[in-house]
Amino acid sequence: KHALSKTMKEAKEFNSKPDPAQQQIQRLQKRARMADEAADSVEKADSLERELEEFSKQLESRADVRLGALLQKRNIKPGEFVVRFSKSQGASAGELSKADFRKAVLLLFEGKQGGGGGSASQGSSPRKEGEVSTSPSEINAVFDQYDDDGGGSMDVDEAKTMIKGLQAAGRDAEQEKRAKEREAKAQRAKAIKKAAQAMAPQAEDGSFSSPPASPTGKSTSES
């Protein structure tokens, strides 16, 4: 009886011991899952960066967004735009013509604020980095979008509506671009972290150690 009990105990202990082969299989499966997650994360980061690049190109192709961004950067107040740039005379005095608008925008793109006397040197401000100029035909097309009656000129209220609309378009586009940049940056950081974890040395217990840090504080996989 004693011998049988001893044999049963030994058998139980043997069965309770982890199977090295099974442990290795589990470790490999875990690493495979981590590699799949890392690959998915990298693919998502690549996709977001491509989307951001395409979105940026679309913004650059839109004249209304470029003009809106310009008006924002130059701190143009809608109520002052007509007073500053209108050159209309006679019955059209006080109105903003398409030609006035076109000349005003070209002056602004050159980094000049223009003014009451039409001096191009008044209020000079150099073109800022990242500003993309706009052709006269594109400026005319933007004006036409807001010129409801197609008459070729706008009164003060119509001009203010146009300037506000352009500034809103520029502001909204910039905010959306920044949001996409933050999302892409965060996803890329997540992808780098997951890739580093998937490639990290594996301990006997199946855990994964973090990659050693470089002198800059980043893991070696990020350096």
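## First stop: two crossing helices

Select H3 and H7, whose axes come within 7 Å and cross at roughly 95 degrees. H3 is therefore roughly perpendicular to H7. Two packed helices are described by the angle between their axes and the distance between the axes. To view the contact itself, display Asp64, Val65, Leu67, Gly68, Ala69, Leu71 and Gln72 on H3, together with Ile163, Leu166, Gln167, Ala169, Gly170, Arg171 and Ala173 on H7. Please bear in mind throughout that this is a predicted model.

Next, select glycine 165, which is found in helix H7. Is glycine 165 buried or exposed, or does it fall in between? Its relative accessibility is 24%, so glycine 165 counts as partly exposed. Glycine 165 and glycine 68 are 7.8 Å apart in space, although 97 residues separate them in sequence.

## Second stop: the whole chain

Zoom out and colour the model by secondary structure. The chain has seven helices and two strands. Followed along the sequence, these elements give the pattern α-α-α-α-β-α-α-β-α. The chain comprises 223 residues, of which 30% count as buried. Among contacts between residues at least 6 apart in sequence, 65% join residues at least 24 apart.

Select asparagine 75, which lies in the loop between H3 and H4. Most residues other than glycine have a negative phi. Asparagine 75, by contrast, has a positive phi of about 55 degrees, although it is not a glycine. Asparagine 75 has a relative accessible area of 59%, and therefore counts as exposed.

Continue to H4. Which residues of H4 are buried? They are Pro78, Phe81, Val82 and Phe85. Turn the model until you look down the axis of H4: the buried residues fall within an arc of 95 degrees, so they line one face of the helix. To see what covers these residues, display helix H3 (63-73), strand S1 (96-97), H5 and helix H7 (156-199), which are among the covering elements.

How many aromatic pairs does the structure hold? There are three aromatic pairs. In one of them, phenylalanine 81 and phenylalanine 85 are 4.8 Å apart, centre to centre, with 50 degrees between the planes, and the pair is tilted. Both residues lie in helix H4 (residues 78-85), four residues apart, which is about one turn of the helix. Phenylalanine 81 has a relative accessible area of 0% and is therefore buried. Phenylalanine 85, at 4% relative accessibility, likewise counts as buried.

Now select phenylalanine 101 and phenylalanine 143. Why is this pair called tilted? The ring centres of phenylalanine 101 and phenylalanine 143 lie 5.7 Å apart and the planes stand at 45 degrees, so the pair is tilted. This pair links distant parts of the chain, since phenylalanine 101 belongs to helix H5 (residues 98-109) and phenylalanine 143 to helix H6 (residues 136-146), 42 residues apart. Phenylalanine 101 and phenylalanine 143 are both buried. Display the four rings together: ring pairs link Phe81, Phe85, Phe101 and Phe143 into a cluster.

Extend the view from phenylalanine 143 to the rest of H6. The residues Ile139, Asn140, Val142 and Phe143 are buried in H6. Seen down the axis of H6, the buried residues fall within an arc of 160 degrees, so they line one face of the helix. On the face turned away from the buried side of H6, select the exposed residues Ser137 and Gln145. The cover over the buried residues of H6 includes H3, S1, H5, strand S2 (153-154) and H7.

Select serine 41, which is found in helix H2 (residues 20-61). With 5% relative accessibility, serine 41 counts as buried. Which residues are in contact with serine 41, leaving aside its neighbours within four places in sequence? They are Gln187, Lys190, Ala191 and Lys194.

Finally, select lysine 180 and phenylalanine 55. The charged end of lysine 180 sits over the ring of phenylalanine 55, at 5.3 Å from the ring centre.

Note on methods: Residues numbered from 1 in each chain as written. Predicted model: local features only at pLDDT ≥ 70, side-chain atom pairs only at ≥ 80, totals over all residues. Heavy atoms only, no water. Phe/Tyr/Trp six-rings, centres within 6.5 Å; stacked < 30°, edge-to-face > 60°. Buried < 20%, exposed > 50% of the residue type's maximum accessible area, 1.4 Å probe, protein only. Lys NZ or Arg CZ within 6 Å of the ring centre and 35° of its normal. Arc of directions from axis to C-beta. Contact = heavy atoms within 4.5 Å. Axes fitted to C-alpha atoms, helices over the stretch in contact; angles between N-to-C directions. Parallel < 35°, antiparallel > 145°, perpendicular 65-115°, else oblique.
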